[in-house]
Amino acid sequence: TSPYIDLNVLSINPDTLLANKDCTGLIKTLEREGFNVIPVQHRHRRLFGGGFHCFTLDTIREGDLEDYCK
């Protein structure tokens with residue numbers, strides 16, 4: 001996988017992201033830009049070939065479908 005795989009974060013809401021806890025530089029950058037970052041251990045990302053967003057794409061969520069691009 002790419003050495004930049006950890007740029008692949010998961011947005012929980014417009015202000016909150018999950019990011020790999022080992023990527024302290026990325027976390028600091030995101031926090032400086034106003035994001036609330038939740039550091040999460042993500043040991044097997046290269047084994048599965050994706051970051052948080054990639055391996056959660058098939059998540060079923062409750063509630064109505066929302067368009068976040070409006």
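1. Let's start with T16. This residue is buried, with a relative accessible area of 10%; buried means under 20% relative accessible area, exposed means over 50%, and partly exposed is in between, using a 1.4 Å probe and protein chains only. T16 is found in strand β2. Helices (H or I, at least four residues) and strands (E, at least two) are DSSP runs, numbered from the N terminus. Leaving out residues up to four places away in sequence, T16 touches L10, S11, N36 and I38, where contact means heavy atoms within 4.5 Å.

2. A quick word on what you're looking at. This is a predicted model, in which local features need pLDDT of at least 70 and side-chain atom pairs count only at pLDDT 80 or more, while totals for chains, interfaces and linings use all residues. Residues are numbered from 1 along each chain as its sequence is written, and side-chain values use heavy atoms, with hydrogens and water left out.

3. Now the overall plan. The chain has two helices and three strands, and reading along the sequence gives the pattern β-β-α-β-α. Of the 70 residues in the chain, 30% are buried. Take the contacts between residues at least 6 apart in sequence: 34% of them join residues at least 24 apart.

4. On to the sheet. Three strands form an open sheet in the order β1-β2-β3, with mixed pairing; two strands pair if DSSP finds at least two bridges between them. β1 (10-13) and β3 stand at the edges with a single partner strand each, so one side of each has no neighbour in the sheet. On average, and ignoring direction, neighbouring strands are turned by 30° against each other; axes are lines fitted to C-alpha atoms, for helices over the stretch in contact, and angles run from 0 to 180 degrees between N-to-C directions.

5. What joins β1 to β2? A hairpin does, through two residues. These two strands run antiparallel and are joined by three bridges. Among the pairs, L10 has L18 as its bridge partner in β2, and S11 has L17.

6. You can follow some of the partners by eye. T16 goes with N36, L18 with I38, and N20 stands opposite V40.

7. Getting from β2 to β3, the chain passes through α1, and this β-α-β crossover is right-handed. Right-handed here means that, with the strands pointing away from the viewer, the path from the first strand over the helix to the second runs clockwise. As for packing, α1 lies on the sheet and touches β2 and β3, and its direction makes about 160° with that of β3.

8. Which residues make up the largest nonpolar core? There are eight: V9, L17, A19, C23, L26, I27, L30 and V37. A nonpolar core is a set of buried Ala, Val, Leu, Ile, Met, Phe, Trp, Tyr and Cys residues joined through side-chain atoms within 4.5 Å. β2 (16-20) and α1 (24-32) are the elements that give two or more residues to this core, and α1 provides the largest share, three residues.

9. L17, apart from neighbours within four places in sequence, is in contact with V9, L10, S11, L30, F35, N36, V37 and I38. I27 sits in helix α1 and counts as buried at 9% relative accessibility. Not counting residues up to four places away, I27 touches A19, N20, K21, V37 and P39.

10. Finally, the charges. The structure holds one salt bridge, meaning a side-chain nitrogen of Lys or Arg within 4 Å of a carboxyl oxygen of Asp or Glu. K21 forms it with D22, and the closest N and O atoms are 3.8 Å apart. K21 is partly exposed at 40% relative accessibility, whereas D22 is exposed at 53%.
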